Amino acid sequence: MKPIIVASLPIKKVEDLYSIEKFLDSDLIELRLDYLKNPGIIRDYYDYLNRYKNKLIITLRDKNEGGKYEINDELKVKLIKEFYDRGFLYDIEVLFVKKYAIPYENKIVSVHYFSSLPTKKELIDIINEYKEKAYTVKIALAGIKGYKELLSSLLEYPNVTLIPMSNNPAERIAFGMLGSKLFYSYASEPLAPGQLYYKRAMEIFNYINEIITSSFSIRTL
Ligand SMILES: O=C1C[C@@](O)(C(=O)O)C[C@@H](O)[C@@H]1O
């Protein structure tokens, strides 16, 4: 099982968009537009971004779920609609989907917990509501007592991305091997606890994959 490797890239100034070309060897590049004080400026770059549309995830992370700068809801709704109309893959929080009826088909529906853990039922309800139509249902839990058990209990569900936001990268690798659809790493600087450099992540999973496939082929000789 090899997850899709995502390289998260903070866009702190619009010129950072041109660094996309440095990370095209990753499976996907996440543009964290919440690092822009004025994310509306992205409108001037749709034609440029369109060249890499199949490699991009666009994220306007809510400040309450780990985002950098506060984003006006009205502007976020408008920008998400523009991303949708242009066929971009975006990451949108469950709360925002529900509050503004945001289209989520083939998009990343996400929820992040930093100060407390939800109940297993809350997470199962989210997964069941979105797993059929979303690109993936992403659940990120901070390293709070019980987070590994809670995340592990969700591995039986299809189309999930499970992220243990602890300081131990090995835990991310473990969930990547056990079925998480996406594996989040960093392109230029770590954006969350436990993130690995994306090239390292690709090396690790390629190596594991090589061992598994070669040992399997030996067994069948
Ligand atoms: O939601 C996620 C996961 C993440 O927070 C992480 O822990 O790797 C990194 C974010 O950029 C991304 O949008």
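Biologist: Which residues are around the ligand?

Modeller: A residue is near a molecule if one of its heavy atoms lies within 4 Å of it. Here the residues around the ligand are Ser-8, Glu-30, Arg-32, Arg-61, His-112, Lys-138, Ile-163, Met-165, Arg-172, Tyr-184, Ala-192 and Gln-195. Residues are numbered from 1 along each chain as its sequence is written. As the model is predicted, local features need pLDDT of at least 70 and side-chain atom pairs count only at pLDDT 80 or more, while totals for chains, interfaces and linings use all residues; side-chain values use heavy atoms, with hydrogens and water left out.

Biologist: How many residues of the shell are nonpolar, polar and charged?

Modeller: Ala, Val, Leu, Ile, Met, Phe, Trp, Tyr, Cys and Pro count as nonpolar, Asp, Glu, Lys and Arg as charged, and the others, Gly among them, as polar. This shell has four nonpolar, three polar and five charged residues.

Biologist: What lies 2.5 Å from an oxygen atom of the ligand?

Modeller: A polar contact is a pair of N or O atoms within 3.5 Å. At 2.5 Å from a ligand oxygen is a polar side-chain atom of Glu-30. For Lys-138 the distance from a polar side-chain atom to a ligand oxygen is 2.6 Å, and for an N or O atom in the side chain of Arg-172 it is 2.8 Å.

Biologist: Where does UniProt place the feature "active site"?

Modeller: UniProt positions follow the numbering used here, feature names are shortened, and annotations may be inferred rather than shown by experiment. The unreviewed entry places "active site" at His-112 and Lys-138. They span 27 residues in sequence, yet no two of their C-alpha atoms are more than 8.3 Å apart, so they gather at one spot. His-112 lies in strand S5 (residues 108-113).

Notes. A polar contact is a pair of N or O atoms within 3.5 Å; within protein, one must be able to donate a hydrogen and the other to accept it, and residues adjacent in sequence count only if both atoms are side-chain atoms. Helices (H or I, at least four residues) and strands (E, at least two) are DSSP runs, numbered from the N terminus.
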